[in-house]
Amino acid sequence: MGQTTVNRHAGADLLRLVAFCAVVCIHAYGAFPEGDPMRDILRDLSRFAVPSFFILAGFFSATNAPVRKLWQRIAWPLLFWLAFYNVRPGAYVGDPVVLVERVLLVAWTGGAGYHLWYLPALLVGGSIVFAGLSSMGFAATAVLTTVLHATGMLLGVYSALLTGEVFPIYWMRSGLFFAPLFFLIGVSLKRDPRWMQLSTRWWLLVSLLGLVLHLVEKYRLRGASFSDNEYSIGTLFWAVGVGVVFLRISRPTSPILSALAQASFGAYLVHVFILRRVEDYFPHWTPYTQIIVVIVVSLGLATAYRYGLTWAQSQRPRKQKSLRKSEA
């Protein structure tokens, strides 16, 4: 079942769980009636979630053999869930060039499993960061990731304001532009303890100011009104502040929190499927009921899978021992 509760970080476990619930709130916008202000409020308040996942990945990869372990953990889940959400009869037939383009786009964005963009983004962003750290050092890597992030914002949330054009969201929200800076921040928080020594009050102020700036950018910046502010300058400080506040929690974790946190990755992968079923079959439920059901069912399935896999693996030595005895 992964790490024991003794070796796990309580603040990180809590952040994983809260961030997963926030992701469900972002994706459940279809459950709200058109014009309901709570839909946008929940989405804005939840925008710290995916950046927090990248920060956590960098934080816990900072002292390991990072890129190889990332690939080992993510490659097979990515392939399976890409196929699960996207493979259907007739989806990949026709002109070979168009087919290759479609496959590459699905692999980059997640396709119908739109939340899966996080996995290739994590692989690409982590690879950029550690390649930069090993070849250029921290300062140059920090400049590179900042420039990439700024470029992504110019192509993303600021594009309509600055150029009058709206580019596809995956241009910005990707492993090339979006993930590297958050991943590097996570690495820096782990390697340089001075950041973690700043008071929780200070980081709460950072997160609050970031949230305010995020909302200003969305609703008031130069009179512009962005329909959905994915990620902007304010989001950066909002997410980093929230992440550090949780990472500063040093209390012992509980077995229940540990189990749920370890299941949050699997719950993230399956939650869009559960969300679609709930929206299709129970549209009369309130948005909050739908959100709670999706969170509970997704975490329940992922937890059951983890315990089932652990039990199956524990049976292998017993079967091998009994086989040896029968052969003797």
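Which ring does the charged end of Arg 73 sit over? That of Phe 265, with the charge 4.7 Å from the ring centre. Such a charge is NZ of Lys or CZ of Arg, within 6 Å of the ring centre and within 35 degrees of the ring normal. This is a predicted model: local features need pLDDT of at least 70, side-chain atom pairs count only at pLDDT 80 or more, and totals for chains, interfaces and linings use all residues. Residues are numbered from 1 along each chain as its sequence is written, and side-chain values use heavy atoms, leaving out hydrogens and water.

**Aromatic pairs**
- Rings of Phe, Tyr and Trp (its six-membered ring) pair if their centres lie within 6.5 Å; planes under 30 degrees apart are stacked, over 60 edge-to-face, and the rest tilted.
- The count comes to 20 aromatic pairs.
- Phe 53 and Tyr 118 form a tilted pair, because their planes stand at 55°, with ring centres 5.6 Å apart.
- This pair links distant parts of the chain, 65 residues apart: Phe 53 is in helix α3 (residues 49–61) and Tyr 118 in helix α6 (residues 118–135).
- Helices (H or I, at least four residues) are DSSP runs, numbered from the N terminus.
- Both Phe 53 and Tyr 118 are buried; buried means under 20% relative accessible area, exposed over 50%, and partly exposed in between (1.4 Å probe, protein chains only).
- Phe 80 and Phe 84 are stacked, because their planes stand at 25°, with centres 6.2 Å apart.
- Phe 80 and Phe 84 both lie in helix α4 (residues 66–86), 4 residues apart, about one turn of the helix.
- Phe 84 is partly exposed, at 36% relative accessibility.
- One aromatic cluster is formed by Phe 53, Phe 54, Trp 117, Tyr 118, Phe 178, Phe 182 and Tyr 268.

**Cysteines**
- The whole structure has 0 disulfides, a disulfide being a pair of cysteine sulfur atoms within 2.5 Å.
- Cys 21 is in no disulfide; its nearest cysteine sulfur belongs to Cys 25, 7.2 Å away.
- Cys 21 is partly exposed at 24% relative accessibility, whereas Cys 25 is buried at 14%.

**Nonpolar surface patch**
- Leu 105, Trp 108, Ile 169, Tyr 170, Trp 171 and Leu 176 form a nonpolar patch on the surface, with about 490 Å² of accessible area together.
- Patch residues have over 30% relative accessible area and no salt bridge; nonpolar side chains (Val, Leu, Ile, Met, Phe, Trp, Tyr) are joined within 5 Å, like charges within 9 Å.
- A salt bridge is a side-chain nitrogen of Lys or Arg within 4 Å of a carboxyl oxygen of Asp or Glu.
- Helix α9 gives the most to the patch, with 3 residues.

Key. Helices (H or I, at least four residues) and strands (E, at least two) are DSSP runs, numbered from the N terminus. Accessible areas come from the Shrake-Rupley method with a 1.4 Å probe; for residues, only the protein chains shown count as cover.
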